[in-house]
Amino acid sequence: MKTSRHLFTSLGVAVALVVVVSAIAAAATVDRDYRMGDDSAEGAAAGASVFQTFDSAGLSGQGQLVDLTAVNTPTYVSISVRPDGVGGLGIQFNAAQSEYLHGFNVGFPEDSFSAASHHTLVGGNLDYLGISNRGFQFWVRPTSTAVQSLVMDTNQHGVRINSSGRFSMRYADVDYESTQSVAPNTWYHVEVVRPAGAANGSRMFINGIAVAAAPGGYNDDWADLVVGANTSGDDQSSPGFTGGTTEFFSGIIDDLKMFVIGTSTSSNPVNYGGFSLAIDNAFVASPITGIKGVAGDVTNDGVLNQADKNAFIAGWMDQRLINGIQIGDMLSRGQGDLNLDGITNIQDLLIFQNALASAGLGGVTAAELQRGTVPEPSTTLLFLLAAVATPLLRSGRRGRP
């Protein structure tokens, strides 16, 4: 009787995990899209001065579009060699000329300009009530390693280059040095996101790899969104915005996208999606990584074979922690973290077994995962996953890698 209860419990867990893994994550909702010259309405051209860069997301006439004003006329520049193959235009900043862009922040989304709950009567109509999870991403090509601010959305969320010549993440008015040094005249994709509450905190990705993280919440700051310089002041009261005075940036910034995450707390709540690195990080989602090419391709070499099995087995139960926060990224994926949650575990095994079966390859066995310890959560469950869960997945309920 004891064995039977254990088997039924394990089967229930296996089926439940199939449902969890097969759920398709909804992408976060883009609130601002600054294409830096590629919105045809700007009439931009390489070499021309920038006076304003348009917000290409949202509906016109409803307070959802928040353009940025240029100071000291940065210029549009032609882009032809970005790593993801995307060309078009970007904006070139010259620190010696104190050039930057600024405008209303996203900050705490509930109080952002495009929200119906904005602190003044002038603003948008989006239901961001209670929304605090948010993020932004952009491409950047710095020309130096001097101390400079790249994107500062209030002093609660930002990206800088610090005195050590490394990217740093600003969160809750504190700077967290990353592990990524800056090489001048090199393109980087940068993303800062607070995806799931204070306990999960904020994290920064450079080219799809987590390089900084910080737990905790953040304050409701009224300083402007600034691209290319520092931010300060309080646009609710006199004298208002007082930033744009230091840490001027030299280089190119392109395709700044800002997004919100979660469900509003209004009487008719609106769901703005959840954060998925594979969808909401332009570097990871691009052809650069190849993660959407072959299901279960842990090694990202375009084929599913024994090398992927070896990598998965070697990475079994490995956990990726940055400042104590579990984070999935391209490094953890190379260890078998196919759902990008920061650990290679039973949910990833479900995805991997299904990919192997679909390719006509033999599955991973419990013995292969032993590595001298009892696998999680039990050997019996692993056999059930191989014998029961994989056929369930093959019947149509497949996970997203």
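Me: What should I know about the model and its numbering?
Reply: Residues are numbered from 1 along each chain as its sequence is written, and side-chain values use heavy atoms, with hydrogens and water left out. As the model is predicted, local features need pLDDT of at least 70 and side-chain atom pairs count only at pLDDT 80 or more, while totals for chains, interfaces and linings use all residues.

Me: How many residues of β12 are buried?
Reply: In strand β12 (residues 188-194), 7 of its 7 residues are buried, buried meaning under 20% relative accessible area with a 1.4 Å probe, protein chains only. Strands are DSSP runs of E, at least two residues long, and helices are runs of H or I, at least four, numbered from the N terminus.

Me: Which residues lie on each side of β12?
Reply: Y188, V190, V192 and R194 are on one side, and H189, E191 and V193 on the other.

Me: Which strand pairs with β12 over 7 bridges?
Reply: Strand β7 (residues 133-142) does, in the antiparallel sense; pairing requires at least two DSSP bridges. G135 has V193 of β12 as its bridge partner.

Me: And what about β13?
Reply: Strand β13 (residues 202-206) pairs with β12 over 4 bridges, also antiparallel. There, I206 stands opposite V190.

Me: Switching to helices, at what angle do α5 and α7 cross?
Reply: The axes of α5 (residues 306-315) and α7 (residues 346-358) cross at roughly 165 degrees and come within 12 Å. Axes are lines fitted to C-alpha atoms over the stretch in contact, with angles from 0 to 180 degrees between N-to-C directions.

Me: Which residues make the contact?
Reply: D308, K309 and F312 of α5 meet D348, L349, F352 and L356 of α7, contact meaning heavy atoms within 4.5 Å.

Terms used. Buried < 20%, exposed > 50% of the residue type's maximum accessible area, 1.4 Å probe, protein only.
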